[in-house]
Amino acid sequence: PARRYYALSLREWHMLGAADGMLDRAAFEEEIRRTVTLIHEKTGLLPIFIPMQTDLDEPICRRLLADAPAGSFMLAHLTAPELCALLGRLELAVGMRLHLMIYATHMHVPALGISYDPNKGYAVTVLDREEALEHVRQTYDRAVELFASLCRTHGWDPLKDGVILSH
């Protein structure tokens with residue numbers, strides 16, 4: 001049978017630590033190892049580790065690849081077109097890098113973001129491309145409405161020479 005894969009994009013992050021209820025680096029990596037094993041056991045999917053910023057992401061990808069199921073591997077130095085072509089053949093994208101989520105969504109691949117910054121207060125989950133695009137459209141429309149309201153309230157003319165405003 002053919003092997004089935006998913007993209008896994010991880011990053012080192014300077015604020016990984018035990019403060020504020022976060023996992024320390026070793027506990028975080030152990031949790032990722034358990035998750036990779038669980039995904040493989042439940043679905044048969046194998047990870048392809050993709051360091052989006054090679055110099056920063058490759059060390060953690062290499063450490064976790066060492067314990068990943070047989071058949072897992074890492075691909076680095078991919079161009080955007082190469083990454084999109086790869087993602088289009090995968091079943092899932094999981095990661096900490098926003099651009100992986102963007103490319104996966106573009107290629108109609110379910111994407112799950114790993115939230116790692118407690119200050120951000122959100123996680124990314126893009127499983128339905130149309131739903132994600134509708135959310136982006138609604139957010140854009142709200143931004144345009146807010147921009148127009150601010151212009152009306154303050155008497156700003158965004159087309160006037162010397163005025164620089166953007167939504």
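Q: How many of the residues count as buried?
A: Buried means under 20% relative accessible area, exposed over 50%, and partly exposed in between, with a 1.4 Å probe and protein chains only. Of the 167 residues of the protein, 34% are buried. This is a predicted model: local features need pLDDT of at least 70, side-chain atom pairs count only at pLDDT 80 or more, and totals for chains, interfaces and linings use all residues. Residues are numbered from 1 along each chain as its sequence is written, and side-chain values use heavy atoms, leaving out hydrogens and water.

Q: What is the order of the elements?
A: Helices (H or I, at least four residues) and strands (E, at least two) are DSSP runs, numbered from the N terminus. The protein has five helices and six strands, in the order β-α-β-α-β-α-β-α-β-β-α.

Q: Why does Glu58 count as buried?
A: Glu58, in helix 2 (residues 54–65), counts as buried because its relative accessibility is 17%.

Q: Which residues does Glu58 touch?
A: Contact means heavy atoms within 4.5 Å. Leaving aside neighbours within four places in sequence, Glu58 is in contact with Pro51, Gln53 and Met74. A polar contact is a pair of N or O atoms within 3.5 Å; within protein, one must be able to donate a hydrogen and the other to accept it, and residues adjacent in sequence count only if both atoms are side-chain atoms. The side chains of Glu58 and Arg62 make one at 2.6 Å.

Q: Is Leu146 buried or exposed?
A: Leu146, in helix 5 (residues 129–154), counts as exposed because its relative accessibility is 52%.
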